[in-house]
Amino acid sequence: MFVRSSALVLGSLLCASLLPSAAQAQAEPKGFYATIYGQYSRIGASNLTESGAQGAGSGLRAEFSAGSGWGGDFGWRYGNGWAAEIEWNYRSHSLDTLRAGNTTLARDGDFASNIFLINGLRRFPSGGAWTPYVGAGIGWVQEIDIDIKPSAGGATRGYSASSEFAYQLIAGVEYALSPQWRLTADTRWLRVGSVRLDNEVANAGGTAGPLTYNPFSVQVGVRYSF
């Protein structure tokens, strides 16, 4: 249901973005801009194996609560409806439960990432305060990690990976408060895929995975045009 609703939002924003004319896009001023944003994020459950002497074994299922994040970008508008930007994003999802069959092994921990992306955007200026946009980006995962705190007590086990590839799709809208300041709101579907994480703490030589990391997010930000 969540994915279906998200797809409807993306489709509606895309249709709205096609309304402005090419002449209005050509009238958009060139220039640099910077954005900061806060984020609400959702991620699906994963079936996984946790190997190693302290690991919980195979046949595990991890489920996650809604997460939050923040980030920012620095970009350039080309003055013809196109823009390019560099984005940094950090987000974290709480571990809701880790189960082996009907047995709950953990209810505490988190699944987090730190990612850098290059985005290309197609903007559709309307001549008014609202500017819809769509885009796509490719990125480098500096780190993705999961921490698992056992319900029965004991040390928190931590796993991580780095240098993964990511990409995302973007659909959103800007609202001009002044010639320099704008509010932004958009949805982003980020895809990293299945990753296997190596142990960092409390389970030497162990691994956790494969964990699927394809979060869908909604963010609201403030943008300044230089």
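Glutamate 63 is partly exposed, at 24% relative accessibility, where buried means under 20% relative accessible area, exposed over 50% and partly exposed in between, computed with a 1.4 Å probe on protein chains only. Glutamate 63 takes part in a salt bridge with arginine 61, the closest N and O atoms being 3.4 Å apart, a salt bridge being a side-chain nitrogen of Lys or Arg within 4 Å of a carboxyl oxygen of Asp or Glu. Arginine 61 likewise counts as partly exposed, because its relative accessible area is 32%. The structure is a predicted model, in which local features need pLDDT of at least 70 and side-chain atom pairs count only at pLDDT 80 or more, while totals for chains, interfaces and linings use all residues. Residues are numbered from 1 along each chain as its sequence is written, and side-chain values use heavy atoms, with hydrogens and water left out.

The average pLDDT of the protein is 91, and 88% of the residues score at least 70; pLDDT is the predictor's confidence in each residue, from 0 to 100. Over residues 16-23 pLDDT stays under 50, and for this stretch the model has eight contacts beyond four places in sequence, a contact meaning heavy atoms within 4.5 Å. Where pLDDT is low, the predicted coordinates should not be read in detail.

A search of the whole structure gives 10 salt bridges. One of these joins arginine 223 to aspartate 73, with the closest N and O atoms 3.7 Å apart. This pair links distant parts of the chain, since arginine 223 lies in strand β13 (residues 216-225) and aspartate 73 in strand β4 (residues 67-77), 150 residues apart; strands here are DSSP runs of E of at least two residues, and helices are runs of H or I of at least four, numbered from the N terminus. Both arginine 223 and aspartate 73 are buried. In another salt bridge, the side chains of arginine 188 and aspartate 186 meet at 3.0 Å, N to O, and these two residues are buried as well. Salt bridges that share partners join Glu28, Asp73, Arg123, Glu174, Arg182 and Arg223 into one network.

Glutamate 174, a member of that network, is found in strand β9 (residues 164-176) and counts as buried because its relative accessible area is 2%. The side chain of glutamate 174 makes a polar contact of 3.0 Å with the side chain of arginine 182, a polar contact being a pair of N or O atoms within 3.5 Å, of which, within protein, one must be able to donate a hydrogen and the other to accept it, with residues adjacent in sequence counted only if both atoms are side-chain atoms. Not counting residues up to four places away in sequence, glutamate 174 touches several residues, among them Arg123, Trp130, Tyr133, Arg182 and Arg223.

Asparagine 89, in strand β5, is also buried, with a relative accessible area of 2%. Polar contacts join the side chain of asparagine 89 to that of tyrosine 37 at 3.2 Å and to that of arginine 91 at 3.1 Å. Beyond four places in sequence, the residues touched by asparagine 89 include Gln39, Trp70, Ser113 and Ile115.

The largest nonpolar core has 25 residues, of which Phe64, Leu98, Phe111, Ile144, Ile146, Leu197 and Leu211 touch the most other members; a nonpolar core is a set of buried Ala, Val, Leu, Ile, Met, Phe, Trp, Tyr and Cys residues joined through side-chain atoms within 4.5 Å. Two or more residues of this core come from each of β3 (57-64), β5 (82-100), β6, β7 (130-150), β8, β11 and β12. Leaving aside neighbours within four places in sequence, the contacts of phenylalanine 64 include Ile43, His93, Leu95, Phe111, Ile146 and Leu211. Apart from this core lies another, of five residues, among them Tyr33, Ala83, Leu121 and Tyr133.

Strands β8 (residues 157-161) and β11 (residues 193-201) run antiparallel and are joined by three bridges, pairing of two strands requiring that DSSP find at least two bridges between them. Within this pair, glycine 158 has valine 201 of β11 as its bridge partner. β11 also pairs in the antiparallel sense with strand β12 (residues 207-213), over five bridges, and aspartate 198 stands opposite threonine 207 in β12. The hairpin of β11 and β12 has five residues between the strands, and in it alanine 202 takes a positive phi near 75°.
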